[in-house]
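Biologist: I'm new to this model and want to learn how to read it. Please take me through some features one by one.

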Amino acid sequence: MGGSGGIVEYFKRISMNDLANNKERLFIIKIGGNVIDDSKNLDSFIQEFANIEGKKILVHGGGKIATAIGEKSGIQSKYIDGRRITDDATIDLVTMVYGGLVNKKIVAKLQSVNCNAIGITGADANLLPAKKRPVKEIDYGWVGDINDTDINPKTWQLFLENGLTLVVAPLTHDGEGHMLNTNADTIASVIAVNLSSFYNVKLVFCFEKNGVLLNVNDENSVVKQLNSNTYQQLKESNSLFAGILPKIDNAFDAINKGVKEVLIGNSSQLSVLINGESGTKISMQ
């Protein structure tokens, strides 16, 4: 089932189960740059996201916008093993682009479809305190690592219980006046873990693929259910695209720390993805 009708039927089916658990449903959905960089895809996603009833949080990545704006300003992006090096100029750039331009455009689009949203970074209301990553073999600069025990879930609840949908930029802070660039998948996982004691959390990682694929070039090769044993076997046999591994690791981290359900799938299939009818479901066993 696709579209808003599928979402409505889904909520009808889950309502009794959630009542039995005495926890209200909370969706935490993460989108990546592939959605943000394509205005048509973003508009379609925003409409489907807005159709989800009840409490929800949207975590977004940065896309290519920061790189493009940086080049126009003479700031060259530097990467090591696919990870951005965040020097002094770059942290200012991504704070402006991720926390400002990208975040507020998403919020404005949500308001246009009657979803009352508020855009935040980790510095706002001290929602995501973090530590600057220690320098070891590589100096990543102003990159933040989050300890999930430092998060105060009650602050998040203040927003959710007052009917606001949070739109979270991939930025944290160190408590000493510095913003930190932080992986959006990690942020989504940490939020899910911290709120799982209060809500029946479903964590959804959306990107451009149909799920975890056995063949990255074949969208029909989706692994429909992935447990830790199967994941280890697939890693050892180098059967998975390297770029998906950090996303899966964040998914298992969330499951291991109390999140009830984690899904990985295509952002263009949101209604069927949250319904469990597409993508990959991450499970303990």
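Biologist: Let's start with contacts. Which residues does Val201 touch, not counting residues up to four places away in sequence?

Modeller: Contact here means heavy atoms within 4.5 Å. Leaving out residues up to four places away in sequence, Val201 touches Leu26, Ile28, Ala192, Leu195, Ser196, Val259, Lys260 and Glu261. Before we go on, keep in mind that this is a predicted model, where local features need pLDDT of at least 70 and side-chain atom pairs count only at pLDDT 80 or more, while totals for chains, interfaces and linings use all residues. Residues are numbered from 1 along each chain as its sequence is written, and side-chain values use heavy atoms, with hydrogens and water left out.

Biologist: Where is Val201 found, and is Val201 buried or exposed?

Modeller: Helices (H or I, at least four residues) and strands (E, at least two) are DSSP runs, numbered from the N terminus. Val201 is found in strand E11, which covers 199-207. For burial, look at relative accessible area: under 20% is buried, over 50% is exposed, and in between is partly exposed (1.4 Å probe, protein chains only). Val201 has a relative accessible area of 1%, so Val201 is buried.

Biologist: What about Ser197: buried or exposed?

Modeller: Ser197 reaches 55% relative accessibility, so it counts as exposed. You'll find it in the loop between H7 and strand E11.

Biologist: Now helix packing. At what angle do H7 and H9 pack?

Modeller: Axes are lines fitted to C-alpha atoms, for helices over the stretch in contact, and angles run from 0 to 180 degrees between N-to-C directions. Helix H7 (residues 184-195) and helix H9 (residues 245-256) pack at about 5°, their axes 9 Å apart. That makes H7 roughly parallel to H9; the classes are under 35 degrees for roughly parallel, over 145 for roughly antiparallel, 65 to 115 for roughly perpendicular, and oblique for the rest.

Biologist: Which residues in H7 and H9 meet?

Modeller: From H7 come Asp185, Thr186, Ser189 and Val193, and they meet Lys247, Asn250, Asp253 and Ala254 in H9. That contact divides into two nonpolar, three polar and three charged residues. The classes: Ala, Val, Leu, Ile, Met, Phe, Trp, Tyr, Cys and Pro count as nonpolar, Asp, Glu, Lys and Arg as charged, and the others, Gly among them, as polar.

Biologist: And how do the axes of H3 and H5 cross?

Modeller: The axes of helix H3 (residues 39-51) and helix H5 (residues 88-112) cross at roughly 55° and come within 10 Å. That makes H3 oblique to H5. Leu42, Asp43, Ile46 and Phe49 in H3 meet Ile106, Lys109 and Leu110 in H5. By class, this contact has five nonpolar, no polar and two charged residues.

Biologist: How many aromatic pairs does the structure hold?

Modeller: Rings of Phe, Tyr and Trp (its six-membered ring) pair if their centres lie within 6.5 Å; planes under 30 degrees apart count as stacked, over 60 as edge-to-face and the rest as tilted. The structure holds two aromatic pairs. The rings of Phe45 and Phe49 have centres 6.1 Å apart and planes at 20°, so that pair is stacked. Both residues lie in helix H3, four residues apart, about one turn of the helix. Phe45 and Phe49 are both buried. Tyr231 and Phe252 also form a stacked pair, 5.4 Å centre to centre with 15° between the planes. Tyr231 lies in helix H8 (residues 228-236) and Phe252 in helix H9, so this pair ties together parts 21 residues apart in sequence. Tyr231 is buried at 4% relative accessible area, and Phe252 counts as buried at 7%.

Biologist: Last one: what is phi of Asn126 near?

Modeller: Most residues other than glycine have a negative phi. Asn126, however, has phi near 55°, a positive value. This residue is found in the loop between strand E5 (117-120) and strand E6 (131-132), and it is partly exposed at 43% relative accessible area. Asn238 also has a positive phi, near 55°. Its place is in the loop between H8 and H9, and at 67% relative accessibility Asn238 counts as exposed.
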